[in-house]
Amino acid sequence: MYYVPDGTRICGFYECRKCSNRFLDLRTAAKIVCPYCGEEPDMEIGPDDAAAEPAEDAYLLKIIEGDDVAKYDALLSLAVTGGNYEWI
């Protein structure tokens, strides 16, 4: 599968409010950091600099369970692969 590993039985269906990307994730928290537009922590901050708080812009739309995980993954992956059905 594209977003989650094969055999996944439960995952979260998220939409980012910042970049409008929809994706699946193994986590099922109400909000998470978007893997596409979320900021990576800056490891080169000095002692006087404050560490930036990661913005949790991706909100849980639905918890997907069972066989629906593979269906959602396939449908979301079609948008990324440009409609190439050969890999399904």
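This is a predicted model: local features need pLDDT of at least 70, side-chain atom pairs count only at pLDDT 80 or more; totals for chains, interfaces and linings use all residues.
Q: Which residue of β4 stands opposite I32, and what makes two strands a pair?
A: In β4, the residue opposite I32 is A58, and K31 stands opposite Y59 in that strand. Residues are numbered from 1 along each chain as its sequence is written, and side-chain values use heavy atoms, with hydrogens and water left out.

Q: How do you know that β1 and β4 pair, and what is a strand here?
A: A strand is a DSSP run of E with at least two residues, whereas a helix is a run of H or I with at least four, and both are numbered from the N terminus. β1 and strand β4 (residues 58-65) are linked by seven bridges in the antiparallel sense, and F13, for instance, has K62 as its bridge partner in β4.

Q: Why are β2 and β3 said to stand at the edges?
A: The four strands form an open sheet with the order β2-β1-β4-β3 and antiparallel pairing. β2 and β3 each have a single partner strand, so one side of each is left without a neighbour in the sheet.

Q: Why is F13 called buried, and why is Y72 called partly exposed?
A: Buried means under 20% relative accessible area, exposed means over 50%, and partly exposed lies in between, with a 1.4 Å probe and protein chains only. F13 has a relative accessibility of 9%, so it counts as buried, while Y72 has 24% and therefore counts as partly exposed.

Q: How many aromatic pairs does the structure hold, and why is the pair of F13 and Y72 called edge-to-face?
A: The structure holds four aromatic pairs. The ring centres of F13 and Y72 are 5.4 Å apart and their planes stand at 65°, so the pair is edge-to-face. F13 lies in strand β1 and Y72 in helix α1 (residues 68-81), and the pair thus links distant parts of the chain, 59 residues apart. The definition asks for rings of Phe, Tyr or Trp (its six-membered ring) with centres within 6.5 Å, and calls planes under 30 degrees apart stacked, over 60 edge-to-face and the rest tilted.

Q: What makes F23 and Y36 an aromatic pair?
A: The pair of F23 and Y36 has 5.8 Å from centre to centre and 70° between the planes, and it is edge-to-face. F23 lies in strand β2 and Y36 in the loop between β3 and β4, so the pair ties together parts that are 13 residues apart in sequence. F23 is buried at 1% relative accessibility, whereas Y36 is partly exposed at 45%. Ring pairs also link Y14, F23 and Y36 into a cluster.

Q: What makes R17 a charge over the ring of Y59?
A: A charge sits over a ring if NZ of Lys or CZ of Arg is within 6 Å of the ring centre and within 35 degrees of the ring normal. R17 lies over the face of Y59, at 4.2 Å from the ring centre.

Q: Where does S20 lie, and why is S20 called exposed?
A: S20 is in the loop between β1 (10-16) and β2 (22-25). Its relative accessibility is 52%, so S20 counts as exposed. Phi of S20 is near 65°, a positive value in a residue other than glycine.

Q: Why is D25 called buried, and which residues does D25 touch?
A: D25, found in strand β2, has 14% relative accessibility and therefore counts as buried. Contact means heavy atoms within 4.5 Å, and D25 touches V4, C11, G12, Y14 and I32, leaving aside residues up to four places away in sequence.

Definitions and conventions: Two strands pair if DSSP finds at least two bridges between them.
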